[in-house]
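Dear colleague,

Please find below the structure that I am handing over to you, with its sequence. My notes on it come directly after.

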Amino acid sequence: MGGEGLETPKATPATKAVADAVEDLGFGLYQLVPLFLTGGIFLAEGAEMLIMGSITSLLHRHWDLDPVIRGGMVSIVFIGFSAGNFLSGQIGDRFGRRASILVSYAMIAIFGFATACSGGPALMLFLRFFVGAGCGIGFPAAYSLMPEVAPATWRSSLSTLMIGFMPLGELIGALVVLFVDPELDNSARGCSASSYYPARALQEPELCAWRTLCEMSAIPAFFFLVLASRFLDESPQFLASCGRYEECEQVLQRMALLNGSQLNVEKLRAAFASEAPGEASPLSLKRNYSFLSAVNLLWANYLKVSAFMCLAHVAKDFSVFGLSYMLPQYFAFLKGLVAGVELLVVATLALPGVMLTYLCSRIQGVSLVYLMSGSGALGSVFALGMLQGVPVSMAAPAAYMVKIFAMSFFVFTVAYTAAAFPTHVRQTAVGFCTAAGRLGSISAPLVFELSKSFTGKFDFFIGCLIALLTSVAITAPIALPKWGCFDIQAEGFAESLSKDGKEGYGSTAKSCA
């Protein structure tokens, strides 16, 4: 992996000055730009996953898939996710958050569109792996970038809104399903690989539903790739930690301009000048980043939180992505319900759920740990209403509520994770936790397909979902620090966080071993 070993460093004048500048410039139009351009990763991923879950039955009709292959069609995406998560830290903590995000969009767009060319399950699995890897590279970068460009009091809220793009993507995906094949019963007519050429499905969407859905699901990623390549800035904290002070000042100047604030240039330049002449910051990732040293640092200082957050990410992925795969088939199973319409309703209801989550995140003095625990508990309670024997009139609303609280649990878990680690290893740490969570998303489709194949019911899958959410809900307040492992030098997490918490993104003084 190369590079010098990473030690737990003190904040430098440069990184402190950047943290102060971001705080002083406040919240404004500037933060909305990266919010939109990073949210596109979640939008593209939400559309991709809902559509992939929806076309499984169409692919089964076309290729006569057994339960393992049907589940594998989605699980392979999450295997790619996991691989991408591991790579993301090495890309983002070495070359920057922006580079990771651009690579992510390019992979989702290119490989997602190419899945429509698949002539059989093997090629489909191969291409879906790289779609997942693209998402995996982008998620930790987005989780890391947004807190680094936002004032302390807005970090959790902006992370909430960013992840809220995922149900928006699902809403777009549901509209596409409703437009192309609302009953998910399109035949294999016109789906021959020999008669297909790129973009044909867009020109003749009625010809082969699954190819049309694959092509349409890749369009958002192409759109955001173009915009991000032009308008997305690198994290000023990352630039300062690399000693790229001129670029850092330019980013902060744009932030001041768009927010209508005044940047204290003299203070910033004085802090930059205090670094050793001609050398990068001691935190320089460009020169000193080492994957193995970063792992050793996390093991020594952040083991307890890292381990528990891995479990929490397993629960969030099993619930959110498992439900995205399960619900199209669950609603088709409930007699009298049109799958496309129900998916549209679920995606629409998830958006108010995101807004509720956002409002909760704006409540000062309430720990993310309690919000994460509460949303997980409510999700598991409502999941009981999805078990067999519950009347359809109750089962469908219960499914809506589970979807809402699972998304809230997802948001609070991610927000806490992003706050728990220092700048110089943040994307690596988030990548580890997110990669571990992929065990939940990889296993969910397989558990669902195998249990449904053997029992003909959804109860085993729902029981697993309840068990995971309940275990995290009960143990999170016991296992996690109330305010996270913020890297602050002041005494007491709560007191420091209530003031501003800004140094947590430029120093690494506090251990959470």
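The notes below cover confidence, the nonpolar core, aromatic pairs, cysteines and one serine.

Please bear in mind that this is a predicted model. The protein chain has an average pLDDT of 78, and 79% of the residues score at least 70. Residues 1-9 have a pLDDT below 50, and this stretch makes 28 contacts in the model beyond near neighbours in sequence. The pLDDT is also below 50 over residues 277-287, where the corresponding number of contacts is 30.

The largest nonpolar core comprises 133 residues, and F42, L252, M386 and F410 have the most contacts inside it. Helix α2 (residues 29-63) supplies the largest share of this core, with 15 residues. Apart from neighbours within four places in sequence, F42 is in contact with F139, A142, Y143, M162, I163, F165 and M166.

Some of these residues also take part in aromatic pairs, of which the count is 19. The ring centres of F36 and F165 are 6.3 Å apart and the planes are at 65°, so this pair is edge-to-face. It joins distant parts of the chain, as F36 is in helix α2 and F165 is in helix α7 (residues 165-180), 129 residues apart. F36 is partly exposed, with a relative accessible area of 34%, whereas F165 is buried at 13%. The pair formed by F139 and Y143 is likewise edge-to-face, because the ring centres are 5.9 Å apart and the planes are at 65°. Both residues lie in helix α5 (residues 121-148), four residues apart, which is about one turn of the helix. F139 is buried at 0% relative accessibility, and Y143 is buried at 2%. Ring pairs also link F36, Y105, F165, F223 and F224 into a cluster.

With regard to the cysteines, a search of the whole structure finds zero disulfides. For C117, the nearest cysteine sulfur is that of C214, 9.4 Å away. C117 is partly exposed, with 33% relative accessibility, while C135 is buried at 2%.

Finally, I draw your attention to S451, which is found in helix α19 (residues 426-455). S451 is buried, with a relative accessible area of 8%. A polar atom of its side chain lies 2.7 Å from the backbone oxygen of V447, and the side chain of S451 also reaches the backbone oxygen of F448 at 3.0 Å. Beyond its neighbours within four places in sequence, S451 is in contact with G456, K457, F460 and F461.

Yours sincerely

Conventions
Residues numbered from 1 in each chain as written. Predicted model: local features only at pLDDT ≥ 70, side-chain atom pairs only at ≥ 80, totals over all residues. Heavy atoms only, no water. Helix = DSSP H or I, 4+ residues; strand = E, 2+ residues; numbered from the N terminus. Buried < 20%, exposed > 50% of the residue type's maximum accessible area, 1.4 Å probe, protein only. Polar contact = N/O pair within 3.5 Å; in protein donor to acceptor, adjacent residues only side chain to side chain. Contact = heavy atoms within 4.5 Å. Disulfide = S-S within 2.5 Å. Core = buried A, V, L, I, M, F, W, Y, C linked by side-chain atoms within 4.5 Å. pLDDT = per-residue confidence, 0-100. Phe/Tyr/Trp six-rings, centres within 6.5 Å; stacked < 30°, edge-to-face > 60°.
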